[in-house]
Amino acid sequence: TFEIDANGLINVSAKDKNTQKEQTITITADKGRPSQEEIEEMLAAAEQFADEDKRMAETVTAKNQLESTAYNLKNQLEDEEKLADKVSEEDKETLMEAINDVIDWLETNTDADRDDYKDKQAEFDEIVQPILKDMYQGAGGAPPGGEGYEDYDEEDYGHDDL
């Protein structure tokens, strides 16, 4: 008979029916399995790099937000049903210039860190938000709620709570 316990150990026992002699053996699955010392080293390394991993995740998030904001606005400016007909040519030119600046910057700064992306996002928002805010206030609508437009506040647009 054999039995496997929770630790992956196999206990095998055999009994000779004629002599009634019984023998038991335990088989461990140590091959390919890390030792306790190796497990502790892996845990220490994971803890050591946890802050670096968190920083890297924040960097990726900041980059994705900046890229998404720029491309979403670019697509809206090119779509006549969205923003293309709602902004002046001068504002459209200013917005496209800011968008292209961000896209070019992203392509040439592939090794930027989280703070660089956040600084570029703030610089982009400083140009874009006043134009969009004026446009939406003039049109009586609400600003877009997509990424990169967190600074818009419902109170700025005179909306009443329902």
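Helix α1 is the place of E67, helices being DSSP runs of H or I with at least four residues and strands runs of E with at least two, numbered from the N terminus. The model is a predicted one, in which local features need pLDDT of at least 70 and side-chain atom pairs count only at pLDDT 80 or more, while totals for chains, interfaces and linings use all residues. Residues are numbered from 1 along each chain as its sequence is written, and side-chain values use heavy atoms, with hydrogens and water left out.

E67 is partly exposed because its relative accessible area is 27%; buried means under 20%, exposed over 50% and partly exposed in between (1.4 Å probe, protein chains only).

With 55% relative accessibility, E37 counts as exposed.

Of its 162 residues, 23% count as buried. The protein exposes about 11900 Å², of which carbon and sulfur atoms supply 47%; the areas come from the Shrake-Rupley method with a 1.4 Å probe. Among contacts (heavy atoms within 4.5 Å) with a separation of 6 or more, 43% are between residues 24 or more positions apart.
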